[in-house]
Amino acid sequence: MAARWSSENVVVEFRDAQATAMSVDCLGSHAVLSGRRFLYMVNLEAPSEAPRKIGRHSKWDVGTVQWNPHRSEAHVFAASSNQRVDLYFWRDGCGEAHTSLQGHTRVISDLDWSWFDPELLVTSSVDTYIYIWDTRDTRKPTVALSAVAGAAQVKWNRRNQHLLASSHDGDVRIWDKRKPNTAVEYVAAHLSKIHGLDWHPDNEFIFATSSQDNSVRFWDYRQPRKYLNILSCQVPVWKARYTPFSNGLVTVMVPQLRRENSLLLWSTLDLNSPVHAFVGHDDVVLEFQWRPQKQGSKDSQLVTWSRDQTLRIWRVDPQLQKLCVSDMVEELLEGMTLTVESEKSLTSQEPEGQQGVGPAADILQDKDAGRLDSGSGLAQTLQQEFSLVNLQIRNVNVEMDAMNRSCVVSAHFGSHQVHLVVKFPVQYPNNAAPSFQFVSPTTIPSAMKIKIQKILTDTSLQKVKRNQNCLEPCVRQLVSCLESDMTQEDSPASGPFVLSNPVTPSLQAFSRVTSTYGSYQDANIPFPRTSGARFCGTGCLVYFTRPITMHRSVPPTEPTPRSLSALSAYHSGVLTPMKMRSESQSTLRLYSGSPTRSDKETVSISSFYYKERKSRRFKTKREGVDYSSRPIKLAGKVIIQQISCLLPVHKTLGESYILNMNDIQETCQKNAAAALTVGRRDLAKVWALASAATSQDLSPDSDPDTETPWARHPFGRHLLEMLLDHYSQMSDVQTLAMLCSVFQAQAPSPDGYSLYGHHSSRLHSRYPSYTSSSVNSGSCSSTSDSITVSTWNTVRDPEHPNPWGESSPDDYRYGNHGYTDPREREQELHDMNKRLLDPANTLQFDDFKKCYGEILYRWGLRDKRANVLKFTSSPPEPHKGIEFGVYCCHCRSQARGTQCAVCKRLTFQCAICHVAVRGLSNFCLSCGHGGHTSHMMDWFRRQDECPAGCGCHCLLQSTF
Amino acid sequence: MVSVINTVDTSHEDMIHDAQMDYYGTRLATCSSDRTVKIFDVRNGGQILVADLRGHEGPVWQVAWAHPMFGNILASCSYDRKVIIWKEENGAWDKMYEYTGHESSVNSVCWGPYEFGLILACGSSDGAISLLTLTGDQQWDVKKISNAHTIGCNAVSWAPAVVPGSLIDQPSGQKPNYVKRFVSGGCDNLVKLWKEEDGQWKEDQKLEAHSDWVRDVGWAPSIGLPTSTIASCSQDGRVFIWTCDDPAGNTWTAKLLHKFNDVVWHVSWSITGNILAVSGGDNKVTLWKESMDGQWACISDVSKGQGAVSAITDSQQNEQ
């Protein structure tokens, strides 16, 4: 049979190609063969022509190559090369590499173009990630599916644009690209590695897997626990792919000693023997693909590439295609497939999970009666049912005897055995249910027997009422009954059915216990840091490194793994191939085996590193010391390092800088001297300049007509701005803040009018809360703030609108002032021009001071901080919360804050010293008496009655 | 001179994952795979164990000190999916709050600027970022940004409290209108900026440059200049410095600091924001400084006694 069609093929040899992969484009005109040095473009219309070449420069072989399956993008193909995918354009007989997709960190195992979106490409890699790329943005993948285990195959579903499947060793995962975090379904498909994965061309739910375990299995992922069908082979199966015509499947085996290099064509309806063999290749078939046919052509062409360096094209004519659909007419078969599928999606919702083979068989019976040559019509139906029954259930055996119209179902579950005889009446399945009878050696209790019997009868009646076969649903019911019963009886771990279903436990949310540390759930968790450095405080660098005696158990050329799941390899003692390759066994000492930890089963990050027991450096010195008895230190030391010399700010300067409002010259000179003592000669010069610029000789005249103010001179404001720019770039906030403060002080506003009308700067807080009052005002040092601000918050001259800032708050108040006298306006402008600090940047300068204030605070220099913050122009945060009104002690009018609005005197008198309180005060909420905080503190340390003598027990009355 | 002022032997039973000093530089907190957090008093070169905090059921990844105006408060996050906030009361450390709202390892915690009160950002491998705020009635309010980073969030870092945009336009006498912002890095190779608007957290920017997981992000402290700076480091070995001069905060430009040979785990800014400490899988710490012309140079192996960090790493190794 085989010889008949095999002779039809085209054979072309490409001796030097050394190609590892092949792909046929969607137009059927070209095949690309990818060798190490060149990509060969074979014209399939004239395959014997010398192929065109595209050079490539890589030391890696091409892993997979694939043309874009969309006609609009038919000129594009992707080739994977180690960690990279290159996109090539093939146009007008020449091709070029276009872009690369880089993102995987290990070799790419497979790639697949989307069937729906010509821009989408999926890649899988042993780095455990599956990336979906959009060729319009090649910088990084658009979707990353984290699979934990390295994938060997990845394939898009052909019917559902969101779904894809990947194979991981013996498992298959189904993904929805919209839910990248986790697979939507797990299928524990094979016990050995899956080499090939292929979606059904027409059915969204069905795919085929080919595996090292000598089988091809067919799956519906909605029923992940049980394959639909199995094709058992004698040898491992390399690839199994559906044919473009119905019900066909082509397999390539992993060649064994006998060197069987043929491709086999199967009918999925009858897996007992292949329909056809494509014989001809002398070596392993590396790739086979179907060449798309011109419209109207009934033939199909299979293009194969083998290690024997020949490309063959096999014609599969309609006759051969028909063999795949048995002897039936194609139309009928197609109709049937549809019926089967629709039935499946329906039945899958039913609890018993019926396979839907029954109805399909019914159609077979109706349309194809007489195909079997023995027995009556009815017996034949039963025989048909038996032959189609799909019951590959673990621990369950069904012996069917069509002649006697009976079958024996035997099942073993745990310690129980069940033997059930099913007898089918002659009318079955036409509204005649079979009988069920338990026979010895059935060991289940009789109550259980009755229960099962009832369930089976119900199930069978339901089916036969619709003239449907019921054997398979009944057996499945039986199994599920027994399983659920066993689960109740035994703990899940010991139940045998758990073993048969390894997927379920792994999907359970892991318990709070950390025994799973480093397991595969940790694939999303970053690999822990074992060294780190952090700037702390103002001038410290805190860092820790792993001890020098701990070495990475991978060579330094390997990057540190990114995810914690990498640890599982070290935990279980399984060596990754990477390690096998690069490290000899003897040097691998997993920490878990060391004496201090041998009792603990937990894996730790330290497992990644191994301890060097003898430091080479001290080897000679310390020989003879029993190292094995010494506990091993896993934690390195934490080093605190003084790095303040690297910073542009100096604590010494912070201490020695002064800000004397009354003598700016002296301030500048002293600061210059201070700068010299810490070796900042540049700062000494800056202070000298500041001294010169603030000299009395240069103080501006109040009359705008006499002279241009010094600020307008190039050495005036411009020079200062240059200085500020320079120190901004150096991040020297200390110098910035000090300069701003000095020049602010140099040009204070004359009248001391308070723009912001401060009233809340002095907080009256209750006695004990004077420490926590800071929380209310938003800063630890509100005490110093409040004093300073009230006195000094006058620097901004409110009488003068600022012409530079449209949105300045002053505009609201002064924007509508009509300037009656132009001289007044000139005077105002002059006042602005007099200043060395550009008033437009006042808020910026304030920020320097605030930031420097923070640093001073960390240094513990609170007075210095207060001194600097005096010069900020913006108001402090207004007080929020409870505020106490005060009756002025002089005029009895109601006042807020410390100063009476009416008599302008301080409102609150201390009950002890009878002096008005200017600073912090506390008072009793009950009697209203109080005074200086320090006096109150002293008083109540010894007393509990009010110092005013009102008899109030302040400490008890007030809620403090 | 750069000098070692203290070497703390933590006596952790397993590897250390983070070490951080408090605001004043007087206490050191460390955390380890041995599931404990330890606090040492390190004043004047001493190392007195103040507290050994046990409560986590898995390795503890990171610690964070709150601003001292709130008291002595430390947050820690762990593989066990918990965030624990510890507080010292009368000299004794105790749990103040335990947050269990994440479904996977919590990888990063960071306290916001004190201007916002006590607010903690937590980034987890479940992809979410939680924001825990202490309300007036001493309850912790939780806001969660779900799916902030696909696969997982590895790092969070707060922006300094500055008024958005230019520094003008502040009505007098009112509280400055600070906008809460922070940056996060995750397994989607992205750096994301988040902003609070009307009490809701919104993704403000998405910065793409890394080709692998982003392992740490650090928002540089402000010295009052209108520029924002962020450092990010990644599994791909690259460290990027992101800057934004745009008052609206929309235009960020990336500059590659360096490509290291191994993963970079951590970046940390000096208080003046001009030195960056970088550490990673190669067990080395390097310091980087921006020169006047805007170039970044490694200063830790430059002379003038500044080579100390690498040098000291060696001497430390000799000790052990």
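Two strands pair if DSSP finds at least two bridges between them; helices (H or I, at least four residues) and strands (E, at least two) are DSSP runs, numbered from the N terminus. The model is predicted: local features need pLDDT of at least 70, side-chain atom pairs count only at pLDDT 80 or more, and totals for chains, interfaces and linings use all residues. Residues are numbered from 1 along each chain as its sequence is written, chains are lettered from A and ligands numbered from 1 in the order in which they are written, and side-chain values use heavy atoms, with hydrogens and water left out.

**Exercise 1.** Describe the open sheet of 4 strands in chain A.

Solution. Step 1: the strand order is 18-19-20-21, with antiparallel pairing. Step 2: strand 18 and strand 21 of chain A each have a single partner strand, so one side of each lacks a neighbour in the sheet. Step 3: direction ignored, neighbouring strands are turned by 15 degrees against each other on average (axes are lines fitted to C-alpha atoms). Step 4: strands 20 and 21 of chain A are joined in the antiparallel sense over 4 bridges. Step 5: A:R217 is opposite A:I230, which belongs to strand 21 of chain A.

**Exercise 2.** Classify the ring pair A:F38 and A:Y40, and state how accessible each residue is.

Solution. Step 1: the search over all chains gives 31 aromatic pairs (Phe, Tyr and six-membered Trp rings with centres within 6.5 Å; planes under 30 degrees apart are stacked, over 60 edge-to-face, the rest tilted). Step 2: for A:F38 and A:Y40 the centres are 6.2 Å apart and the planes at 65 degrees, so the pair is edge-to-face. Step 3: A:F38 is partly exposed at a relative accessible area of 23%, while A:Y40 is buried at 9% (buried is under 20%, exposed over 50%, partly exposed in between, with a 1.4 Å probe and protein chains only). Step 4: A:K53 lies over the face of A:F38, 4.7 Å from the ring centre (NZ of Lys or CZ of Arg within 6 Å of the centre and within 35 degrees of the ring normal).

**Exercise 3.** Which parts of chain A does the pair A:W199 and A:Y221 tie together?

Solution. Step 1: the ring centres of A:W199 and A:Y221 are 6.1 Å apart with planes at 85 degrees, so this pair is edge-to-face. Step 2: A:W199 lies in strand 18 (residues 194-199) and A:Y221 in the loop between strand 20 (215-220) and strand 21 (229-232) of chain A, so the pair links parts 22 residues apart in sequence. Step 3: A:W199 and A:Y221 are both buried.

Key. Axes are lines fitted to C-alpha atoms, for helices over the stretch in contact, and angles run from 0 to 180 degrees between N-to-C directions.
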